[in-house]
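Biologist: I would like a close look at a single part of this structure. Please take me through the strands and how they pair, one step at a time.

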Amino acid sequence: MKAIVASIIAAIALVPATLAVKVNPLPIPQHIQWGNSGSIELDAHLSFHAPKNSVLEDAIKRTTKLIWKEKWVPQAIEKAPVDYPPFPTLSKRGAKHTLKKIDVVVTDLKADLQAGVDESYTLEIPAAGGTGVITAKTVWGALHALSTLEQIVISDGKSGLLIEESVSIKDSPKFQLRGVMLDTGRNFLKVETILRQIDALAWSKLNVLHWHIDDAQSWPIQINAEPKMTKDAYSSKEIYSHSDVKKIINYARARGVRVIPEIDMPGHSVSGWQQIDPKIVACANSWWSNDNWPAHTAVEPNPGQLDIIYPGTYKAIKTVYKELTSLFTDNYFHVGFDELQTQCYNFSTPTMDWFKADPKRTYNDLAQHYVDNALPIFQDKKDRRLIMWEDSILSADFAAKSIPKSVIMQTWNNGPNNTKILTSKGYDVIVSSSDFFYLDCGFGGWVSNDPRYNVDYSPALDASISAAFAADPSTAYGPTTFNYGGNGGSWCAPYKTWQRIYDYDITVGLTAAEAKHVLGGITPLWAEQNDDTTVDSKMWPRAAALAESLWSGNRDANGKKRVTQMTQRILNYRERLVGRGVGASPLMPKYCWKNPHACDLYLDQSAVTA
Ligand SMILES: *[C@@H]1O[C@H](CO)[C@@H](O)[C@H](O)[C@H]1NC(C)=O
Ligand SMILES: *[C@@H]1O[C@H](CO)[C@@H](O)[C@H](O)[C@H]1NC(C)=O
C-alpha cells in the first residue's frame, strides 16, 4: 500500500491523456477521454443530487456503499516485464482537487424497462473537482453511469478514494439486448444465487436474464391454477413461489435487468405437465434410445414432449401461460420450441391417427399444427413479443412452415451461418451460438454407463501430430493438438474461453440490412452439470467478455480486434467480482494480472486484430 502511495505522488504522467490510467472499466465506454488534471479526491461525504425516483435513489445508495467498501487498489505493476502501450503509468498527483457532489440529470423518469429503452449516459468528472455530472435519458442509463463510476474510483492508498484524472465519458450500447441464460430445470438454483448473478449482470451492463425455468427433468415454479405441477419439482424446497419470482423481477428491475422467462414447449416438456393430465405428454415413459438412434425419443434423458394433436394440451398451455404472463412483467416471453424429436410421437395415439388420416402429412405439418394452435394463446397482447429457438423454423425434419416474422429467433447452431439465414428471412435474431457462447461446454459427458470412458491406456497421439510436435513443439498450440482427446463426451466441446466469446463478431458476414435484425446476444449456461455450487465460476468472468463485446464492441476505433487491451480489463473485473462476493473463476495466474501482458502468447500486440 505504502509503495503505491509513494508512486502515485512521485510518478510523472508519460502516457497520452486518452490512454489514462490504471483503472480500466469493463465494458470500456464507447467514448472515454481522460484528462491530465492529476488525481481528484472524493470528498468523504460525496453526495449525489438526483431527481426523486426510488430506483435511482436505491442505486445511488448501493454505489456509495460499494465504492467505500471496495476501495479498489490497482494491481498492475507499473513497469511490466515488457512495457508495451497501452499500459498506463500512474498519473502525477497534481494540486488537490476534491469531488464534492455529483448531479444526476434524467430527462425521462417514466421510461419503463422494456426492450429498446434508451440506456445512454454521460459522466463528467471535471478537472477542478467540485461537481461531477451524470446525464441520462432514462433512469436505466443513469444506472449504467453509476456502474461505470464504481469502476473508476480507486483507493488513495490510505482511507480515502480518488479518481486518477478528470474524465469525460459518453456511452451507449451497441446492441440493445445483452444477457445470460440460466437453466433452473435441470438443476435448481436458489433465489439468492439468481440474485447474485443479477448483481454481476448489472455491474457488467448486461441487461437481460433469460430464465429457462423448467425442462423435462423438473417443474420448479408454482402455478396456482395447477398446483399439482410442482409435484415434479425436485423437492418442496426447490420451488419458486410467486413471491420468489416477484422478488427476482424487482431485484433485477432495480438494477436495470429485464427478466425474460422461458417455458420450453412443446419439446423438453414432461415434468409438471404430466401432473395436469398424463395424456398431454407424449413418450414420457419411453427409453430415450441414444443407443438405438433411429428410435431415439429425446436427445438427453428424460424424454417427453407436449402432445400436439391432443386438444387438452392447449387448454393446459393456456392456463400455465396466462398465470405466468400475469406474473412476469417483460413484454418478451420465450416459448421454447427446440429439439423436437419425431420418434417421441410414435407413443402418441392421437398423433399417429392424425398421420394415418392423411398420408401426405409430415412432421413439418405437425409443427405447423402446433404453431397455428399455440400462437394465438401466446400472442396475448399487442406489445407481446415471442422468442423461439431457431429449430422452430430451421429444424431439418421438424420445423414449422410458417412462423410470423414478429417472432424473435434465438440461434444456437452453425455459428454465423444460421444468423445469416434467419436475418435474411427477415427475423429479428438473438445470437446464442453454441460454438462461441455456450458456457456449459467442455465439461465432459454426463450420461452414465458410457463405454467410451472404458479405456485403461493413454490414447496415442496421431502419428503425424507426434512427428510434427517432435519437429516443432510450438505446434502444441496448433489447431490439431489444441483439442487433444476429441470432445471428451461433451457435444459442444471445447470449453469456450473468454477469448472465444470476446472475439466472436455476432454480425460477421451479414449485410447492413441483415445486421439490423440482430438484437444482441445471450450466453447460455445449461444446467445438467450446474447448480448453486458452480454457477458463479462457470458464468463469471466469461459473461463479462460478452458484456463488453455487445456494449462497446470487440474492436477499437480503427476497427481492429482489441482482445489484447481487454485482457487487463477482464482480469481486473474478475478481481472485482470476487471482492463483491461472486465466485468468478481465475483466468490466469495472479502474476499475469500484476504484470500486464507478461502472459500473452504473442509478443506482437497486433497478433489479434482481424
Ligand atoms: C415411428 O413412426 C413413424 C411414422 O409412422 C415410422 O416411420 C417409424 O418407423 C416409427 N418408429 C419406430 C421406432 O417404430
Ligand atoms: C457455414 O458456411 C460456410 C460458407 O458457406 C461453410 O464453409 C461452412 O461449412 C458452414 N458452416 C456450417 C457449420 O454450416
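Modeller: In this predicted model, strand β2 (residues 40–49) runs parallel to strand β3 (residues 97–108), and 6 bridges link the pair. Now move on from β3. Strand β5 (residues 130–138) is parallel to β3 as well, joined by 8 bridges. Here I102 faces G132 of β5.

Zoom out to the sheet. It is open and has 8 strands, in the order β1-β8-β4-β5-β3-β2-β7-β6. Find β3 in that order: β5 sits on one side and β2 on the other. The pairing in the sheet is mixed. Strands of a sheet pair through backbone hydrogen bonds, and they do so either parallel or antiparallel. The edges are β1 (31–34) and β6 (153–155), each of which pairs on one side only. Neighbouring strands are turned against each other by 25 degrees on average, direction ignored.

β6 pairs with strand β7 (residues 161–163) in the antiparallel sense, over 3 bridges. I154 stands opposite L162 of β7.

β16 has strand β15 (residues 385–389) as a partner, parallel, over 3 bridges. I387 stands opposite I408 in this pair. β16 also pairs with strand β17 (residues 429–431), again in the parallel sense and over 3 bridges. In that pair, M409 stands opposite V429. How does the chain get from β16 to β17? The path goes through helix α11 (residues 416–425), and this β-α-β crossover is right-handed.

Last stop: ligand 1. Around it are Q343, N346 and Y363. Q343 has a polar side-chain atom 2.8 Å from a nitrogen atom of the ligand. For N346, a polar side-chain atom lies 2.4 Å from an oxygen atom of ligand 1. On its own, ligand 1 has 360 Å² of accessible area, and the protein covers 37% of that.

Terms used:
Residues are numbered from 1 along each chain as its sequence is written. Chains are lettered from A and ligands numbered from 1 in the order in which they are written. This is a predicted model: local features need pLDDT of at least 70, side-chain atom pairs count only at pLDDT 80 or more; totals for chains, interfaces and linings use all residues. Side-chain values use heavy atoms; hydrogens and water are left out. A residue is near a molecule or strand if one of its heavy atoms lies within 4 Å of it. A polar contact is a pair of N or O atoms within 3.5 Å; within protein, one must be able to donate a hydrogen and the other to accept it, and residues adjacent in sequence count only if both atoms are side-chain atoms. Accessible areas come from the Shrake-Rupley method with a 1.4 Å probe; for residues, only the protein chains shown count as cover. Two strands pair if DSSP finds at least two bridges between them. Helices (H or I, at least four residues) and strands (E, at least two) are DSSP runs, numbered from the N terminus. A crossover is right-handed if, with the strands pointing away from the viewer, the path from the first strand over the helix to the second runs clockwise. Axes are lines fitted to C-alpha atoms, for helices over the stretch in contact, and angles run from 0 to 180 degrees between N-to-C directions.
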